[in-house]
Amino acid sequence: MSGGSAGVDMSVEACPAGSLEGVLDRIEAAVEDLAGLVASGVLDGWGAPAVSRLVEMHGRVWRAVGRLEGVRWVVLPRIEEEGSWRTGGMSRTFASWLRLREGVSASTARQDVSVARRLEQALPETRDRVLAGRLGVDHARVMAETAPTSGTRRDALAWLIDTRTGEPTTPEVFVQSVPVDFPDPVDDPDGSRTRDLITRVLEGAVSEGTVVTGEAVVLGEADGLNADQFRVVARRFATVVDPDTDDVLDDKAAQGEFLDLSRTLGGFHVTGFLTDEHGALVQAALGGVMGVPAVGDDRSPGQRRAHGLADLARVVLDTDQASPGAAVRPHLNVTVSWSELATQVTRTREGLCVTCGQAMPGRAATAGRVGLAGGAVFTESRDRVPRALLRRLACDSAITRIVFGSDGAALDVGRAQRTVTGQMRRAVIARDRHCVYPGCDQPPSRCEVHHAITHWAQGGSTSVANSALLCWYHHQLVDARGIAMHWTGKPTTGATGATLLETGWAFTDTYGQPIGLPEPIDGLPETRAA
């Protein structure tokens with residue numbers, strides 16, 4: 001222990017308090033103490049600090065981390081400029097060297113190097129404010145990514161602005177607008193006294209805020225704005241001082257647009273990039289079809305967006321907007337034998353009949369009778385069709401009968417018959433008005449007609465009494481989970497005429513438990529006036 005203590009004392013003596021090493025040693029020691037304190041369980045138990053103290057602690061740590069990030073950004077350009085990172089030829093770029101040196105991702109390394117360079121070259125005041133803890137790191141990143149993105153914009157950041165007029169100025173013009181007694185040229189032959197006077201006047205104006213740089217004008221808007229709100233301000237500055245660069249960036253973004261839809265295990269993988277315009281259009285369209293989550297809808301936002309994208313495709317295809325006038329509308333086509341269709345939609349995942357609950361013959365026993373051992377498949381890709389989807393399609397779709405001979409030739413092709421006619425659909429819409437699942441208000445344009453009481457494959461009639469509107473998501477949910485429905489009659493409307501999305505349909509889960517809207521919250525008891 002004595003040897004260890006001597007080692008510590010020697011390191012302290014070798015690192016004076018004002019040296020970089022000494023400061024770093026104290027920072028590391030303080031972080032070690034703080035981390036050890038938190039890891040020891042001081043935040044738990046009866047003696048845990050109040051939430052207000054934890055909030056204060058988090059804020060102080062956040063600000064300290066931000067200032068340390070600013071230190072890193074100041075250091076990185078010095079390391080890059082010195083050039084020793086090129087030794088050995090392992091790294092072609094400074095960002096790749098940083099990635100290998102610190103083990104960070106390539107995107108993080110590139111972003112750090114880019115921000116550090118721009119703070120060094122064009123944003124000195126932003127850098128100083130981060131170091132002083134008066135500007136958050138996210139705000140600094142916004143400035144670096146948005147403001148100095150062209151030569152004109154970098155020049156505008158260095159402009160001197162007279163805050164009395166809001167107009168750009170120069171040192172010579174500004175000093176002429178304030179009362180200054182310049183020395184006689186005879187007494188100042190080399191102009192040094194005049195230059196010193198101008199410098200003092202400008203320094204005083206800067207300290208008083210009468211003259212600021214373009215950068216300071218933008219940073220002045222950062223107070224009270226979060227980073228996302230501040231990004232709007234910084235982009236506005238960039239657009240005003242140099243709109244031409246925006247046009248170039250817009251063209252570059254348009255050329256970089258792409259959408260990849262590639263098949264992978266169990267589905268499709270989607271990647272892409274859209275311009276602001278197209279991204280906003282897609283976002284607005286997704287928001288329109290997603291609606292408000294209904295009762296029991298526990299999908300994540302990402303899942304709801306994925307389903308919303310599929311719903312957009314359904315809207316386009318169902319309304320014949322993709323290729324009007326085509327002989328055959330583009331749509332989702334499924335190939336399945338008649339007996340296989342009846343078997344699949346009446347059988348649960350456990351192999352039981354959904355009607356009587358008895359065990360049904362397995363796939364091997366019915367393969368010969370079905371004649372299509374692979375089951376239902378998508379016509380174009382020949383991929384398997386999920387049973388829940390097959391049950392839903394059987395409710396409301398167009399079915400074409402095709403008879404094949406022993407040699408595989410098509411012997412007869414009948415006309416496509418819809419399981420729900422147009423007149424019947426209109427009657428169901430008039431009664432239900434929207435998706436009837438509790439709490440869902442998706443309009444008829446995003447709904448299908450479901451054989452509600454008795455499924456079509458179980459002999460249920462295709463009638464208004466046996467039909468109900470369900471949106472695409474809830475139709476799949478009802479079929480996949482074996483949810484039962486029955487008609488109870490229209491609810492009585494209140495004084496306002498509203499029914500709070502209640503319909504005449506009642507839902508029960510596979511255990512017979514009712515599914516409905518949550519119970520209303522009782523009002524607070526009335527309080528008597530003191």
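Reader: How many aromatic pairs does the structure hold?
Author: This predicted model holds four aromatic pairs.

Reader: What makes the pair of Y437 and F507 edge-to-face?
Author: Look at the distance, then the angle. The ring centres of Y437 and F507 are 5.1 Å apart. Rings pair if their centres lie within 6.5 Å, so Y437 and F507 are a pair. Their planes stand at 65°. Over 60 degrees counts as edge-to-face, so that is the name for this pair.

Reader: Which parts of the chain does the pair link?
Author: Distant ones. Y437 lies in the loop between α19 (422-432) and β12 (447-451). F507 is in strand β15 (residues 505-508).

Reader: Is Y437 buried or exposed?
Author: Buried. The relative accessibility of Y437 is 4%. Buried means under 20%, so Y437 qualifies.

Reader: Why is F507 called buried?
Author: Its relative accessible area is 2%. That is under 20%, so F507 is buried.

Reader: Why is R433 called partly exposed?
Author: R433 has 46% relative accessibility. Buried needs under 20%, and exposed needs over 50%. The value for R433 falls in between, so R433 is partly exposed. R433 lies in the loop between α19 and β12.

Reader: What is the phi of R433?
Author: Near 70°, a positive value in a residue other than glycine. Most residues other than glycine have a negative phi.

Reader: What sits over the ring of Y473?
Author: The charged end of R299, 3.5 Å from the ring centre. The distance limit is 6 Å, so R299 meets that part of the test.

How values were computed:
Residues numbered from 1 in each chain as written. Predicted model: local features only at pLDDT ≥ 70, side-chain atom pairs only at ≥ 80, totals over all residues. Heavy atoms only, no water. Phe/Tyr/Trp six-rings, centres within 6.5 Å; stacked < 30°, edge-to-face > 60°. Helix = DSSP H or I, 4+ residues; strand = E, 2+ residues; numbered from the N terminus. Buried < 20%, exposed > 50% of the residue type's maximum accessible area, 1.4 Å probe, protein only. Lys NZ or Arg CZ within 6 Å of the ring centre and 35° of its normal.
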